[in-house]
Amino acid sequence: MTQSPAECIVGDFCAAWARLDIDEILSFFTPDAIYHNIPIDPMVGVDAIRGMISMFTTDVERIEFRVLHLAGNDNVVLTERVDVFVRPDRTIELPVMGTFEVRDGKIAAWRDYFDLNQYMQQAG
């Protein structure tokens, strides 16, 4: 089965996290993109998104978005993932459901749904 252009963009975006290149990750977003990491307040614009991503990548040796399922309909793509954050002292594995809205070949909106307590407990 062939992936839609939007599904390919989101798949490439998820794979880019393994390289830990924040500029590359940000290149997937429209300038006015919204990143809502539920239950945290939404970040609007690439600069705000950079700040949030920087928080997740501090003291991290490796990040992997294990995409279990990826499905799209027109410009909306859903992902079921396990996001893995490898730190020097521990590994955090977080089940996540994500919704992406793609516009003109870029991510215009990204919403992730996860259990913040599960992340905090693993993070120590």
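Is Arg81 buried or exposed?

1. In this predicted model, Arg81 is buried, at a relative accessible area of 1%. That value falls in the buried class because the cut-off is under 20% relative accessible area.

2. Arg81 has a salt bridge to Asp83, with an N to O distance of 2.9 Å. Asp83 is buried as well, its relative accessible area being 5%.

3. Asp112 also forms a salt bridge with Arg81, and here the closest N and O atoms lie 2.8 Å apart. For Asp112 the relative accessible area is 3%, which makes it buried.

4. A network of salt bridges with shared partners takes in Arg62, Glu64, Arg66 and Glu93. Within it, the side chains of Arg62 and Glu64 form a salt bridge at 3.4 Å, N to O. Arg62 is partly exposed, with a relative accessible area of 39%; Glu64 is partly exposed too, at 28%.

5. The search of the whole structure gives 10 salt bridges, among them Arg81 with Asp112 and Arg62 with Glu64.

6. Helix H4 covers residues 116-123, and at its start a side-chain oxygen of Asp115 comes within 3.0 Å of the backbone nitrogen of Asn117. Just after H4, Gly124 adopts a positive phi of about 80°.

Technical notes
Residues numbered from 1 in each chain as written. Predicted model: local features only at pLDDT ≥ 70, side-chain atom pairs only at ≥ 80, totals over all residues. Heavy atoms only, no water. Polar contact = N/O pair within 3.5 Å; in protein donor to acceptor, adjacent residues only side chain to side chain. Helix = DSSP H or I, 4+ residues; strand = E, 2+ residues; numbered from the N terminus. Salt bridge = Lys/Arg side-chain N within 4 Å of Asp/Glu carboxyl O. Buried < 20%, exposed > 50% of the residue type's maximum accessible area, 1.4 Å probe, protein only.
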